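Please read the points below with the chain open beside you.

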Amino acid sequence: MINHVVLFKVKDYPEPEKQEVRAKIKLLLEGLRGKIKELKHLEAGLNVEMNAQAWDICLITHFENMEDLNVYRVHPEHLKVVEYIQASTASRAAVDYLF
């Protein structure tokens with residue numbers, strides 16, 4: 001199995017707007033459940049630590065293999081979410097590992 005972990009840092013919005021953007025990203029990510037058959041597990045969490053150095057959102061997904069992860073990466077439902085995330089985040093980090 002492949003564990004695909006992604007961290008997102010939201011752009012520097014005013015505080016109430018930043019909370020809304022974080023919540024929308026989490027909702028969009030969780031909305032992928034059941035839409036992509038290769039996606040075996042998905043959890044999205046908002047960091048409770050709100051400081052400038054911390055990442056805002058963590059996404060953890062599981063796939064049977066790299067081929068399935070690559071299908072997910074280009075799946076139209078995933079790409080819709082990616083479009084919003086790219087427009088509202090300043091940075092992203094990812095790690096893929098076998099478990």
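1. Start with Thr89, which counts as buried because its relative accessibility is 12%. Buried means under 20% relative accessible area, exposed means over 50%, and partly exposed lies in between, with a 1.4 Å probe and protein chains only. Thr89 belongs to strand S4. Helices (H or I, at least four residues) and strands (E, at least two) are DSSP runs, numbered from the N terminus.

2. A word on the source: this is a predicted model, in which local features need pLDDT of at least 70 and side-chain atom pairs count only at pLDDT 80 or more, while totals for chains, interfaces and linings use all residues. Residues are numbered from 1 along each chain as its sequence is written, and side-chain values use heavy atoms, with hydrogens and water left out.

3. What does the side chain of Thr89 reach? It comes to 2.7 Å from the backbone oxygen of Ile85. Leaving aside neighbours within four places in sequence, Thr89 is in contact (heavy atoms within 4.5 Å) with Phe8, Lys9, Val10, Lys11 and Ile25.

4. Ser88 is in helix H3, residues 76-88. Ser88 counts as buried because its relative accessibility is 2%. A polar atom of the Ser88 side chain lies 2.9 Å from the backbone oxygen of Tyr84. Not counting residues up to four places away in sequence, Ser88 touches Val10, Lys11, Tyr13, Val21 and Ile25. From C-alpha to C-alpha, Ser88 and Glu20 are 11 Å apart in space, and they are 68 residues apart in sequence.

5. How many salt bridges does the structure hold? There are seven, a salt bridge being a side-chain nitrogen of Lys or Arg within 4 Å of a carboxyl oxygen of Asp or Glu. Side chains of opposite charge can pair when their charged atoms come close.

6. One of the salt bridges joins Asp56 and Lys18, with the closest N and O atoms 3.6 Å apart. This pair links distant parts of the chain, 38 residues apart: Asp56 is in the loop between strand S2 (41-46) and strand S3 (57-63), and Lys18 is in helix H1 (residues 15-30). Both Asp56 and Lys18 are buried. Asp56 also forms a salt bridge with Arg22, and here the closest N and O atoms are 3.4 Å apart. Arg22, in helix H1, is 34 residues from Asp56. Arg22 counts as buried because its relative accessibility is 4%, and for Asp56 the value is 3%.

7. Lys37 and Glu38 meet through their side chains in a salt bridge of 3.8 Å, N to O. Are these two residues buried or exposed? Lys37 is exposed, with a relative accessible area of 69%, whereas Glu38 counts as buried at 12% relative accessibility. Elsewhere, salt bridges with shared partners join Lys18, Arg22 and Asp56 into one network.

8. Last, the largest pocket. Its lining is made by 14 residues, and Val6, Phe8, His78, Val82 and Arg92 lie nearest its centre. Strand S1 (2-10), helix H2 (66-74), H3 and strand S4 (89-98) each give two or more residues to this lining. H3 gives the most, with five residues.

Terms used:
A polar contact is a pair of N or O atoms within 3.5 Å; within protein, one must be able to donate a hydrogen and the other to accept it, and residues adjacent in sequence count only if both atoms are side-chain atoms. On a 1 Å grid over the protein atoms alone, a cavity is a set of points where a 1.4 Å probe fits but cannot get out, and a pocket is an open set with protein on both sides within 12 Å along at least five of seven lines; lining residues have an atom within 4 Å of a point.
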